[in-house]
Amino acid sequence: VCVIWACLPEPWLHYLGITSYPDKYWAIVVPRLFMLAIPFVLLIYASLNHLATPPASSLNTLFGKLDDTIYPLFSY
């Protein structure tokens, strides 16, 4: 429906009985906003992941919460 509204001239829309519609400016702006939002969301996701990761020199990269339950299984 949005593509038809963006492509048809206004007299054709009036002929079809469509008299109330937003400005055609929004047919260009809304898809561009979504296209700009995708890289922004990916950047934010990668940044938050980077902040949540401990540094390479930290022992938390070697030992975690599950180590207490795994080591007793393999100890003889």
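Guide: Trp 5 lies in helix H1, which covers residues 2–7. Keep in mind that this is a predicted model.

Is Trp 5 buried or exposed? Its relative accessibility is 12%, so Trp 5 counts as buried, the cut-off being under 20%. Buried residues make up 9% of the 76 residues in the protein.

What does Trp 5 touch? Leave aside its neighbours within four places in sequence. Trp 5 is then in contact with Leu 13, Tyr 21, Pro 22, Asp 23, Lys 24, Trp 26 and Ala 27.

Take Pro 22 from that list. Pro 22 and Trp 5 are 17 residues apart along the chain. Their C-alpha atoms are separated by 9.3 Å. The backbone oxygen of Pro 22 lies 3.4 Å from a polar atom of the Trp 5 side chain.

Now take Trp 26, another contact of Trp 5. Trp 26 has 43% relative accessibility, so it counts as partly exposed. A pair of aromatic rings is described by the distance of the centres and the angle of the planes. A search of the whole structure finds one aromatic pair. Tyr 25 and Trp 26 form that pair, and it is edge-to-face. The ring centres are 5.2 Å apart, with 75° between the planes. An angle over 60 degrees is what counts as edge-to-face.

His 14 is found in helix H2, residues 10–15. With a relative accessible area of 42%, His 14 is partly exposed.

Next comes helix H3, residues 25–52. At 1.5 Å a residue, its 28 residues should span 40 Å. The end C-alpha atoms of H3 are 40 Å apart, which agrees. How many of the 28 residues of H3 are buried? The number is two, so H3 lies largely in the open.

An unreviewed UniProt entry places the feature "transmembrane region" at residues 25–48. In the model, residues 25–48 are 100% helix and 0% strand. The end C-alpha atoms of that stretch are 34 Å apart.

Step back to the whole protein. There are four helices and zero strands. From the N terminus on, the elements run α-α-α-α. The protein exposes about 7200 Å². Carbon and sulfur atoms supply 73% of that area.

Definitions and conventions. Residues numbered from 1 in each chain as written. Predicted model: local features only at pLDDT ≥ 70, side-chain atom pairs only at ≥ 80, totals over all residues. Heavy atoms only, no water. Phe/Tyr/Trp six-rings, centres within 6.5 Å; stacked < 30°, edge-to-face > 60°. Buried < 20%, exposed > 50% of the residue type's maximum accessible area, 1.4 Å probe, protein only. Expected span 1.5 Å × (residues − 1). Contact = heavy atoms within 4.5 Å. Polar contact = N/O pair within 3.5 Å; in protein donor to acceptor, adjacent residues only side chain to side chain. UniProt positions renumbered as here; feature names shortened; annotations may be inferred. Areas by Shrake-Rupley, 256 points an atom, 1.4 Å probe, with all protein chains shown as cover.
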